[in-house]
Amino acid sequence: MSNHVFVLDSNRKPLTPCQPGVARSLLKAGKASVFRRYPFTIILNKEVDANPEPLELKLDPGSKVTGIALKQGNHIIFAAELQHRGQQIKEALLSRRQLRRSRRNRKTRYRPARFLNRTRPEGWLAPSLQHRVDTLMTWVNRFRRLAPVGSIAQELVRFDLQLMENPEISGIEYQQGVLQGYEVREYLLEKWGRTCAYCGAQNVPLEVEHIQPRSKGGSDRVSNLTLACHSCNQAKGHGDIRDFLSGQPDVLSRLLGQAKSPLKDAAAVNSTRWALFKALKATGLPVTTGTGGQTKFNRLRLNLPKAHWLDAACVGPVESLEVLTSKPLLILAKGHGTRQMCGTNKYGFPTRHRSRRQIHKGFQTGDIVTATVTAGKKIGSYVGRVLCRASGSFDITTASVRVAGISHKYCKPIHRKDGYAYA
């Protein structure tokens with residue numbers, strides 16, 4: 001089952017998405033044309049006077065991958081997974097800072113360091129974190145132009161940390177309900193990497209374990225909880241953790257240190273989700289929220305496999321759900337190139353000149369093209385992102401391999417550069 005196809009009328013008004021078979025019939029009959037390749041969108045040849053049913057855009061923001069789903073009634077008709085490049089941005093800024101610092105220390109010709117008199121605006125986020133908010137808002141606005149989105153559902157926080165520290169904050173009914181257990185367990189699964197904290201076993205049933213036993217004064221706070229396989233949990237029993245790991249001092253020090261450390265990724269993601277929530281509210285659409293424990297509870301109740309886009313489908317209150325697609329659109333953030341004046345080696349010294357021209361032979365790096373080579377050593381058909389050169393000899397990166405030395409004469413654009421790769 002594939003994603004539904006987005007439909008626009010001749011005035012680019014978004015209509016209800018249709019099934020791929022219907023879109024194929026409209027294209028063959030000449031009643032529509034291809035408007036976009038990714039995500040696949042058709043545009044009708046006439047104006048349509050209709051009031052399409054509003055769709056719900058559901059988001060599951062993540063540190064590396066964000067799940068996206070479009071819900072019509074209780075049907076999931078479109079799904080996508082957006083892979084961020086926050087880590088690449090962090091590494092690029094770190095490399096630039098190190099190179100500048102080394103050049104200053106060498107007393108080579110370079111501008112001096114600035115005074116620390118610059119202030120950051122309220123709500124400032126690091127570039128690697130702000131990137132997650134900006135790219136996701138780009139796609140929210142893009143889906144709003146392609147489909148009649150009437151509301152948005154967002155997984156606002158991964159874990160209800162305040163509830164776990166003070167269980168009675170939302171009442172005794174919430175404390176004793178099933179949702180509280182899902183919040184704690186999901187937090188521990190993320191913090192301990194879904195492995196046994198004692199033996200490192202994976203892909204086995206894991207049990208919640210008290211590091212300091214309750215019989216010896218241990219509490220139920222999450223800082224005193226870990227995950228253990230059944231055999232390790234039984235072997236430790238009510239004994240002291242230092243006695244149980246007396247022969248493994250490295251494991252003991254790692255476990256005690258990790259137990260007190262906060263979940264860094266969860267904290268970073270939570271900060272970006274609040275910024276995203278404010279940006280979503282600024283769109284004027286109604287925004288509902290949910291927690292990660294609630295999402296997992298819905299997914300297990302509906303017997304759905306673990307996937308980012310299925311997590312997005314289960315965000316917020318969900319009574320019933322019917323998934324009409326099994327092939328989400330995979331979106332990979334690639335950026336828009338670099339503004340470097342010249343290329344450098346690993347030490348930061350200039351090695352080559354960079355041309356200001358970006359378009360060569362009608363193409364630019366990042367375009368998605370199809371190339372049918374009919375002569376030479378590279379005979380065949382290739383579809384992928386193109387790397388352009390002034391000489392007209394391009395490289396094409398397909399889903400599995402990178403092919404070099406393809407002439408521009410064999411290339412035909414199917415999707416112009418927009419900063420993303422698709423699969």
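# A chat about helices, rings and loops

Visitor: Hi! How many helices and strands are there in the protein chain?
Guide: The protein chain has 12 helices and 23 strands. Keep in mind that this is a predicted model.

Visitor: Noted. What box do the C-alpha atoms fill?
Guide: Taken along the principal axes, the box is roughly 75 × 65 × 50 Å.

Visitor: And how many of the 423 residues count as buried?
Guide: For the protein chain, that share is 42%. As for contacts with a separation of 6 or more, 61% of them are between residues 24 or more positions apart.

Visitor: Let's look at helices. At what angle do H2 and H3 pack?
Guide: Helix H2 covers residues 86-105 and helix H3 covers residues 127-146; they pack at about 150 degrees, and their axes are 8 Å apart.

Visitor: How do H2 and H3 run, roughly parallel or roughly antiparallel?
Guide: Roughly antiparallel, because an angle over 145 degrees counts as such.

Visitor: And is the crossing of H2 and H3 left-handed or right-handed?
Guide: The crossing is right-handed.

Visitor: Which residues meet there?
Guide: From H2 you have Gly86, Ile89, Lys90 and Leu93, and from H3 they meet Pro127, Ser128, His131 and Arg132. By type, the residues of this contact are 3 nonpolar, 3 polar and 2 charged.

Visitor: Switching to aromatics. How many aromatic pairs does the structure hold?
Guide: There are 10 aromatic pairs. One of them joins phenylalanine 78 and phenylalanine 143, which sit edge-to-face at 5.5 Å centre to centre, with 65 degrees between the planes.

Visitor: Where do phenylalanine 78 and phenylalanine 143 lie?
Guide: Phenylalanine 78 is in strand S7 (residues 75-83) and phenylalanine 143 is in helix H3, so this pair ties together parts that are 65 residues apart in sequence.

Visitor: Are phenylalanine 78 and phenylalanine 143 buried or exposed?
Guide: Both phenylalanine 78 and phenylalanine 143 are buried.

Visitor: What about phenylalanine 363 and phenylalanine 394, what do they form?
Guide: They form an edge-to-face aromatic pair, with 5.7 Å from centre to centre and 75 degrees between the planes. This pair also links distant parts of the chain: phenylalanine 363 belongs to strand S17 (residues 363-364) and phenylalanine 394 to strand S20 (residues 393-397), 31 residues apart.

Visitor: Why does phenylalanine 363 count as buried?
Guide: Because its relative accessibility is 6%, and buried means under 20%. Phenylalanine 394 is buried too, with a relative accessible area of 0%.

Visitor: Which residues form the aromatic cluster?
Guide: One cluster is made up of Phe6, Tyr38, Phe78, Trp139, Phe143, Tyr420 and Tyr422. Phe78 and Phe143 are the edge-to-face pair we talked about.

Visitor: Tyrosine 38 again: what joins tyrosine 38 and proline 39?
Guide: A cis peptide bond, with omega at about -15 degrees. Proline 39 is in the loop between strand S3 (32-36) and strand S4 (41-44).

Visitor: Now proline 61. Where is the place of proline 61?
Guide: Proline 61 is in the loop between strand S5 (55-60) and strand S6 (65-72). At 7% relative accessibility, proline 61 counts as buried.

Visitor: What is proline 61 in contact with, leaving aside its neighbours within four places in sequence?
Guide: Its contacts are Thr66, Leu136, Gln154, Glu155, Val269, Arg273 and Leu276. Between the C-alpha atoms of proline 61 and leucine 332, which are 271 residues apart along the chain, the separation is 15 Å.

Visitor: Last one: histidine 75. Which strand does histidine 75 lie in?
Guide: Histidine 75 lies in strand S7. With a relative accessible area of 27%, histidine 75 is partly exposed. Leaving aside neighbours within four places in sequence, histidine 75 is in contact with Leu70, Glu322 and Leu324.

Methods. Residues numbered from 1 in each chain as written. Predicted model: local features only at pLDDT ≥ 70, side-chain atom pairs only at ≥ 80, totals over all residues. Heavy atoms only, no water. Axes fitted to C-alpha atoms, helices over the stretch in contact; angles between N-to-C directions. Helix = DSSP H or I, 4+ residues; strand = E, 2+ residues; numbered from the N terminus. Parallel < 35°, antiparallel > 145°, perpendicular 65-115°, else oblique. Left-handed = near helix turned anticlockwise from the far one by under 90°. Contact = heavy atoms within 4.5 Å. Nonpolar A, V, L, I, M, F, W, Y, C, P; charged D, E, K, R; others polar. Phe/Tyr/Trp six-rings, centres within 6.5 Å; stacked < 30°, edge-to-face > 60°. Buried < 20%, exposed > 50% of the residue type's maximum accessible area, 1.4 Å probe, protein only.
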